[in-house]
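Trainee: Walk me through this model, please. I want to learn how to read its features.

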Amino acid sequence: MPRPALAVVARLAYGENYVARPMRNRADLHDGEPVPGGLVEYSWRDAGTWNHVRATTEGSPRPLTEGSHEQFVTEHYWGYAAQRGGGTLEYRVEHPSWQVWQARDAALECDVAHVYGPRFTEALAARPVSAFVADGSAVTVRRPTHL
């Protein structure tokens, strides 16, 4: 399904505040995996400006560690969306556990107040508590149920 259609489905069927943006990526890869010391970058265009999140990988990929920041960020298998008329939708998100590379020189370059809202400006201007790159995979989002 084209990305703009995914954003429409997320908004209409799940009540999520999703929009589609032109995107591009760059990754220094060897045999499909990030090269140690290689750059990984994702960029999106919003309001006529390219925004970027990037990091340099370190070492080899490893499985997630129980209780780690990486596990907290990547291991979310349920989604919840508040509905305009009240109530909440719950939906299952399925994907295999991802592997992660540690990263250094992590950077977010964007107008945080415009993209995420002014209340996130201070937090996203701070140095990251952790930085990593996950290999990712296809994700399945199941039909929502009303709670």
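**A surface patch and its neighbourhood**

Mentor: Start with the surface: Tyr42, Val53, Leu108, Tyr116, Phe120 and Leu124 make up a nonpolar patch there, with about 510 Å² of accessible area together. The model is predicted: local features need pLDDT of at least 70, side-chain atom pairs count only at pLDDT 80 or more, and totals for chains, interfaces and linings use all residues. Residues are numbered from 1 along each chain as its sequence is written, and side-chain values use heavy atoms, with hydrogens and water left out.

Trainee: How is a patch defined?

Mentor: Patches are made of residues with over 30% relative accessible area and no salt bridge; like charges are joined within 9 Å, nonpolar side chains (Val, Leu, Ile, Met, Phe, Trp, Tyr) within 5 Å. The areas come from the Shrake-Rupley method with a 1.4 Å probe, and for residues only the protein chains shown count as cover. A salt bridge is a side-chain nitrogen of Lys or Arg within 4 Å of a carboxyl oxygen of Asp or Glu.

Trainee: Where is Tyr42 found?

Mentor: Tyr42 is in strand 4, residues 39-46. Helices (H or I, at least four residues) and strands (E, at least two) are DSSP runs, numbered from the N terminus.

Trainee: Is Trp44 buried or exposed?

Mentor: Buried means under 20% relative accessible area, exposed over 50%, and partly exposed in between (1.4 Å probe, protein chains only). Trp44 also lies in strand 4. Trp44 has a relative accessible area of 13%, so it is buried. Tyr42 reaches 44%, so it counts as partly exposed.

Trainee: What is Trp44 in contact with, beyond its sequence neighbours?

Mentor: Contact means heavy atoms within 4.5 Å. Leaving aside neighbours within four places in sequence, the partners of Trp44 include Arg21, Pro22, Met23, Trp50, Leu108 and Tyr116. Take Pro22: it is 22 residues from Trp44 along the chain, yet their C-alpha atoms are separated by 5.6 Å.

**Core and backbone**

Trainee: Which residues form the largest nonpolar core?

Mentor: In soluble globular proteins, nonpolar side chains tend to be buried together. A nonpolar core is a set of buried Ala, Val, Leu, Ile, Met, Phe, Trp, Tyr and Cys residues joined through side-chain atoms within 4.5 Å. Here the largest has six residues: Val40, Ala55, Trp101, Ala103, Ala131 and Val133. Val40 is in contact with Ala55 and Val133, among others, when neighbours within four places in sequence are set aside.

Trainee: What should I look for in phi?

Mentor: Most residues other than glycine have a negative phi. Ala47 is not a glycine, but has a positive phi of about 50°. Ala47 is in the loop between strand 4 and strand 5 (49-63). Its relative accessible area is 63%, so Ala47 is exposed.

Trainee: Where is Asp105, and what is its phi?

Mentor: Asp105 is in strand 8, residues 99-109. Its phi is near 55°, again positive in a residue other than glycine. At 53% relative accessible area, Asp105 is exposed.

**Charges**

Trainee: How many salt bridges does a search of the whole structure find?

Mentor: Eight. Arg104 pairs with Asp105, the closest N and O atoms being 2.8 Å apart. Salt bridges that share partners also join Glu41, Arg54 and Glu109 into one network. Arg26 bridges to Asp28 at 3.5 Å between the closest N and O atoms. Arg26 is partly exposed at 43%, and Asp28 is partly exposed at 27%.

Trainee: Which residue meets Glu70 in a salt bridge?

Mentor: Arg62, at 3.5 Å, N to O. Arg62 is partly exposed, with a relative accessible area of 27%, whereas Glu70 is buried at 7%. Glu70 is in helix 2, residues 69-74. Its side chain also makes a polar contact with the side chain of Ser68 (3.3 Å). A polar contact is a pair of N or O atoms within 3.5 Å; within protein, one must be able to donate a hydrogen and the other to accept it, and residues adjacent in sequence count only if both atoms are side-chain atoms.

Trainee: What does the side chain of Asp31 make a polar contact with?

Mentor: The side chain of His30, at 3.4 Å. Asp31 is in the loop between strand 2 (29-30) and strand 3 (33-34). Asp31 is exposed, with a relative accessible area of 72%.
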